[in-house]
There are 2 protein chains.
Amino acid sequence: MITSTSNARVKELLQLQKKAKLRNQEKVFIVEGIRMFQELPRERIKNIYFSESFYHRRREELNLDAYPHELLSDTVFAYVSDTKTPQGVLCVVKQPQYALADILEAQQPHIVVLDNLQDPGNLGTLLRTAEGAGVTGIIMSSDCVDIFNPKVIRSTMGSIYRMPFLYVDHLEETIEEIKRKGIQTFAAHLQGRQDYDEADYRNACAFLIGNEGNGLREEIANMAQEWIRIPMQGKVESLNAAIAASVLMFEAARQRRRQ
Amino acid sequence: MITSTSNARVKELLQLQKKAKLRNQEKVFIVEGIRMFQELPRERIKNIYFSESFYHRRREELNLDAYPHELLSDTVFAYVSDTKTPQGVLCVVKQPQYALADILEAQQPHIVVLDNLQDPGNLGTLLRTAEGAGVTGIIMSSDCVDIFNPKVIRSTMGSIYRMPFLYVDHLEETIEEIKRKGIQTFAAHLQGRQDYDEADYRNACAFLIGNEGNGLREEIANMAQEWIRIPMQGKVESLNAAIAASVLMFEAARQRRRQ
């Protein structure tokens with residue numbers, strides 16, 4: 001059992017929690033909590049750490065000895081945990097590697113393209129909702145928030161393991177590629193000419209979603225084949241980015257279910 | 001200008017930021033930021049505070065002298081602010097007082113009932129989305145998160161000024177009252193028999209939404225006339241409460257727009 005915060009592995013865990021660069025060098029990310037541990041596919045496990053008290057309390061019930069693991073004293077565990085009330089299980093997980101082709105060549109593509117999304121909670125919730133709505137992949141501009149940020153991971157509730165995603169350096173080129181594949185591109189835009197529920201999403205489609213404060217960059221919005229808007233009542237100008245995306249993704253799911 | 005953190009008004013502001021009980025005794029809440037200041041209805045203003053540097057920088061542009069106000073030194077302002085990077089304007093606002101009748105007797109009621117919702121960001125986002133979707137009022141069990149919590153206020157983006165809401169001590173009785181008024185009650189439930197988009201929300205309706213982790217309490221769900229579910233793909237069991245509510249509210253808005 002590791003009992004000292006100056007242990008080399010403890011130091012590395014702490015760095016992995018904080019530094020996107022190190023996570024990407026090592027091609028790993030960290031998940032915490034029982035649910036994320038239980039949903040973790042075997043082949044993606046790099047290391048598993050239990051807190052001493054968690055291990056002793058849940059060992060039999062959760063069959064903890066079936067996993068290769070290392071124990072941390074409760075103090076050390078609290079030190080490396082990103083949460084205020086750690087559950088006592090933390091895993092170092094291998095990053096998945098998706099290619100653009102994986103996303104574009106899905107059956108009946110239903111894609112979400114994120115331009116400069118910044119809020120970790122928004123991205124995590126969006127991943128979870130996207131899986132529920134049957135989205136086949138998420139493409140992000142390289143200036144979006146890091147998907148392996150612990151706050152993002154937590155809000156995905158496990159969808160991080162299953163939803164294909166990709167960061168791209170040149171979003172314009174990727175959108176051209178999406179269009180060449182015959183996938184219809186819809187920009188969620190306050191100046192959209194068409195109400196979102198009047199467009200047809202039953203064929204391959206991609207929704208372009210912009211930054212929380214500023215929406216889509218003009219050059220990205222201009223590449224979309226259609227601009228759609230969610231009609232607003234009251235004095236609300238726009239919706240939160242994750243909410244807007246959710247309304248669109250579930251409208252596509254609704255149309256596809258009814259076809 | 002107030003320059004000391006031991007000033008009595010400064011101490012009171014800090015208490016108002018932190019303590020729901022004091023806010024409710026004084027029947028006020030605090031908003032921060034330029035947008036919340038600009039949208040604030042005149043008759044709801046109790047006090048306005050500017051930071052020294054904000055006042056000098058934006059005085060003419062924002063016509064700040066048209067408002068009764070007090071100046072705080074930048075240090076004191078940062079001390080009372082709830083945000084990490086304060087914008088320099090903070091208002092003490094009178095709490096609105098809505099009655100149940102205001103909500104139930106709206107034209108074509110479209111009501112959201114929240115049972116034990118806990119996350120401030122969820123409640124704030126839900127208010128903003130509800131206004132956009134044309135919701136006519138929000139009813140909350142008394143154990144929901146405090147709507148005047150600074151984090152809730154921030155995420156409402158101004159909808160807190162406009163969306164009628166009410167906390168009720170006995171949610172069961174209120175739901176009985178809703179039903180007596182001829183408002184159709186729909187529980188968002190994982191065991192719903194009907195897909196959410198197969199129900200009709202064009203007449204007076206109320207959506208019952210549960211707690212983030214546990215959903216609706218059974219005794220509350222059992223009072224609803226219909227149980228509806230949002231069909232899920234992948235391994236997602238449920239949606240975030242604010243997302244689920246958003247999908248339902250915008251489905252109602254869609255049906256009403258098309259009738």
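1. Of the residues of chain A, A:Val247 comes closest to the rotation axis, its C-alpha lying at 2.8 Å. This axis belongs to a predicted model, in which local features need pLDDT of at least 70 and side-chain atom pairs count only at pLDDT 80 or more, whereas totals for chains, interfaces and linings use all residues. Residues are numbered from 1 along each chain as its sequence is written, chains are lettered from A and ligands numbered from 1 in the order in which they are written, and side-chain values use heavy atoms, with hydrogens and water left out.

2. On the symmetry, chain A is superposed on chain B by a rotation of 180° with 0.0 Å of shift along its axis, at an RMSD of 0.0 Å. The two copies are thus related as by a two-fold rotation axis; the superposition is by least squares on the C-alpha atoms of residues with pLDDT of at least 70 in both copies. Because 100% of the interface residues of chain A are also interface residues in chain B, the copies meet through the same surface.

3. On the extent of the interface, 35 residues from chain A and 35 residues from chain B take part in the contact, where contact means heavy atoms within 4.5 Å. The area buried between the two chains is about 2800 Å², with carbon and sulfur atoms giving 52% of it; buried area is the accessible area (1.4 Å probe) that two parts lose on being put together, summed over both. Within chain A, the residues that lose the most area to chain B are A:Arg128, A:Ile243 and A:Phe250, which together account for 20% of what that side buries.

4. As for the elements involved, helix 7 (120-132) and helix 11 (241-258) of chain A each supply at least two residues of the side that touches chain B, and helix 11 of chain A gives the largest share, 10 residues. Helices (H or I, at least four residues) and strands (E, at least two) are DSSP runs, numbered from the N terminus.

5. Turning to the sheet, chain A has an open sheet of seven strands in the order 7-6-5-10-8-11-9, with parallel pairing, where two strands pair if DSSP finds at least two bridges between them. Strand 7 (165-168) and strand 9 (194-195) of chain A stand at the edges with a single partner strand each, so one side of each is left without a neighbour in the sheet. Strand 5 (residues 110-114) and strand 10 (residues 205-209) of chain A run parallel and are joined by five bridges, A:Phe207 in strand 10 being the bridge partner of A:Val112.
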